[in-house]
Amino acid sequence: MKILCIGDIVGTPGCEMVISQLKYIIADYGIDFVIANGENASTGNGITAEKAHKLADCGVDVITLGNHSFNKAEAGQLMNNGFPMIRPINYPPQTPGNGFIIKECKNKKIAVINALGRVYLNPIDSPFDAVMKCANDISSSADIIIVDFHAEATSEKAALAWYLDGKVTAVFGTHTHVQTADERLLPGGTAFITDIGMTGPYNSVLGVDKDISVSRFVTLMSKRYVLAEGNCFLCGIILDIDDENNKVKKIERLKIF
Ligand SMILES: [Fe+2]
Ligand SMILES: [Fe+2]
């Protein structure tokens, strides 16, 4: 079983990159299941129903979100209507949608859990408690459990991975838009990488027009962020999972231009 996890898809350019390239990546690498973080898929962050459907139509099996989950209000309705998209599990229980999903692929039940960090982000319930409880609850009904931990601090991401080592199949980070080179298997068998990176305009600051970003830092004057243009790149990881024991044999970084 090969699972592709795609990092934060930024705007229409990022979506177009996925829509045009995913079928080739699936064929070239023999991908069976695709998870993609879509919290920045639409202009101004968040995700519209149109973008979510386009991503699903081109081969994304599960869309995960993050701190921008509800920038587009229709995301909540979409999730409540059963669309395969999840928001962080540690959001308040009144929030629309679910924090995990279980889908079947090649006779395996694949669970995906989304969680949001607390360091340098708005106050929210403990991702450690929420993910551990969910992992325990679904352990008998899922063969594979993949966690997208949408968080800022590298320490918080590493700590969650160690906390879950042996309990879940893999923990990958999203949100920083910068791919880290620390992919590894922890002693208990859980695969981990701090951040899988972004998918969108390459000559940019995390997807944003570089001149606007530079100007904000240089002048300290607020200027509205605008998406960058030009060539895109796609970042992510491929998890190669043993069909016998459901453990990751290999975690591999992917960066496609
Ligand atoms: Fe993001
Ligand atoms: Fe984010």
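What makes the arrangement of the four donor atoms around the iron ion (ligand 2) irregular? The views below take up this site and the nonpolar core of a predicted model.

**View 1. Donor angles at the iron ion (ligand 2).** The four donor atoms subtend angles of 88 to 156°, which makes the arrangement irregular. A tetrahedral site would need all angles between 85 and 135 degrees. Ideal tetrahedral donors sit at 109.5 degrees.

**View 2. Protein donors of the iron ion (ligand 2).** E39 (OE), N67 (OD1), H150 (NE2) and H175 (ND1) are the donors. They lie 2.1 to 2.2 Å from the ion. Along the sequence, the donor residues follow the spacing E-x27-N-x82-H-x24-H.

**View 3. The two iron ions and E39.** The iron ion (ligand 2) and the iron ion (ligand 1) are 3.5 Å apart. E39 coordinates both. Distant parts of the chain are linked here: E39 belongs to the loop between β2 and α2, while H150 lies in strand β7 (residues 144-150), 111 residues apart. E39 is buried, at a relative accessible area of 1%. H150 is also buried, at 0%.

**View 4. The largest nonpolar core.** This core has 29 residues. L4, I6, V18, I47, I63 and M85 have the most contacts inside it. Two or more residues come from each of β1 (2-6), α1 (11-29), β2 (33-37), α2 (49-57), α3 (74-80), β12 (232-241) and β13 (248-256). α1 gives the largest share, five residues.

**View 5. Surroundings of L4.** Leaving aside residues up to four places away in sequence, L4 touches L22, I25, I31, F33, V34, I35, I237, I238 and L254. L4 is among the core residues with the most contacts.

Definitions and conventions
Residues numbered from 1 in each chain as written. Chains lettered and ligands numbered in written order. Predicted model: local features only at pLDDT ≥ 70, side-chain atom pairs only at ≥ 80, totals over all residues. Heavy atoms only, no water. Core = buried A, V, L, I, M, F, W, Y, C linked by side-chain atoms within 4.5 Å. Buried < 20%, exposed > 50% of the residue type's maximum accessible area, 1.4 Å probe, protein only. Helix = DSSP H or I, 4+ residues; strand = E, 2+ residues; numbered from the N terminus. Contact = heavy atoms within 4.5 Å. Donors = N, O, S within 2.8 Å, 3.2 Å for Na, K, Ca; no water. Tetrahedral: all angles 85-135°; square planar, octahedral: opposite > 155°, others 65-115°.
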